[in-house]
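I opened my notebook beside the model and jotted things down as I went. Here is what I looked up.

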Amino acid sequence: PDQSGAVSVLYELGGIIVICDAGGCTGNVCGFDEPRWFERKSAVFSAGLRDMDAILGRDDRLVAKLADAAKKVEAGFVAVIGTPVPAVIGTDYQALKRMCEKKTALPVLVVNTDGMELYDAGERKAYLELFKAFAREKLPVEAGRVGILGMTPQDVSDLKAADRIREKFRTQGLKAVCYGMGDGLQEVKKASSVEKNIVVSPAALECAKYLEENFGTPYEVDYPLADELVPDMDYAGKKILVVQQQVIAGTIRKQLQKRGAGEVMIAGWFSMEKDLLEAGDVSLKDEEDYISLVENGGYDAIF
């Protein structure tokens, strides 16, 4: 669900994250969807809405709880993450934002997720809210500084990936900033100082375009660790299917083509951005789609 994606973007940034639910959605985020929950702390709260709170829209209860939490937790901002409950009753997020900012004196982000979309839709909304709120100042560009947009455990499936990307760029004399995985809110505020952004997942593409429009920061779509994902084999003339999130899959495709692969197609379960599609790429809706693709595609290899 989209609310898990939104939380994953904000998880390491030192805010109070309030999931606007009755308790179940927060259990899913912390118990299943966020692997960092087991190894590092983050202030993730459930709004704990009771039936009548939800039905009658008692936003003042939520604001009071949040004000109490803000006294006990040192935080740089508050994020209110939507779930099916506020979506069904039509919660006015902007009013909630104003009420919370008055009570806590902290910046408040509201992410209008509804639990009905996939995780990358929630990430996309959270990235835009985050960078619009905090990346406001046009700073001088620092040579050798590169922003990595789209790093979340859901997107790269590897909690050590950000460290390896930073190390890879360091050996080239560059500094990589992996927003939300090892690099915190201060780096988000300095987003305009990077030479370029590298987009490693479709969820961050819209944010990269926003930063380009506002600060003139160019971006490229690439996954710096893709070469590690392609084993040494004979790919000459082979027909290959790559099933992954679209950016990693696209970078693997380039690696395979360099090694002489014939036709390489991409299939994805999540966002398939039009700008990144090539002929033959497939958006999968369910396992039946995947089964028929594999049975009828005549592939020599599947990633």
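Which residue in S8 is the bridge partner of Val199? I found Val221 there. A reminder to myself: this is a predicted model.

**Sheet**

I then followed the strands on either side of that bridge. Strand S7 covers residues 196–199 and runs parallel to S8, and I noted three bridges joining the two. They belong to an open sheet of four strands, which I wrote down in the order S6-S5-S7-S8 with parallel pairing. At the edges I have strand S6 (175–178) and strand S8 (219–221), each of which pairs on one side only. For the twist from one strand to the next, I noted an average of 25°.

**Thr104**

Next I looked up Thr104, which I placed in helix H6, residues 93–104. Is Thr104 buried or exposed? I have it as buried, because its relative accessible area is 14%, and the cut-off for buried is under 20%. A polar atom of the Thr104 side chain lies 2.7 Å from the backbone oxygen of Cys100. I also checked what Thr104 touches once its neighbours within four places in sequence are left aside: Leu66, Ala67 and Ala70 are in contact with Thr104.

**Rings**

My last stop was the aromatic rings. How many aromatic pairs did I get? The count comes to five, taking rings whose centres lie within 6.5 Å as pairs. I also wrote down a charge over a ring: Lys239 lies over the face of Tyr299, 5.2 Å from the ring centre.

Methods: Residues are numbered from 1 along each chain as its sequence is written. This is a predicted model: local features need pLDDT of at least 70, side-chain atom pairs count only at pLDDT 80 or more; totals for chains, interfaces and linings use all residues. Side-chain values use heavy atoms; hydrogens and water are left out. Rings of Phe, Tyr and Trp (its six-membered ring) pair if their centres lie within 6.5 Å; planes under 30 degrees apart count as stacked, over 60 as edge-to-face and the rest as tilted. A charge sits over a ring if NZ of Lys or CZ of Arg is within 6 Å of the ring centre and within 35 degrees of the ring normal. Two strands pair if DSSP finds at least two bridges between them. Axes are lines fitted to C-alpha atoms, for helices over the stretch in contact, and angles run from 0 to 180 degrees between N-to-C directions. Buried means under 20% relative accessible area, exposed over 50%, partly exposed in between (1.4 Å probe, protein chains only). A polar contact is a pair of N or O atoms within 3.5 Å; within protein, one must be able to donate a hydrogen and the other to accept it, and residues adjacent in sequence count only if both atoms are side-chain atoms. Contact means heavy atoms within 4.5 Å.
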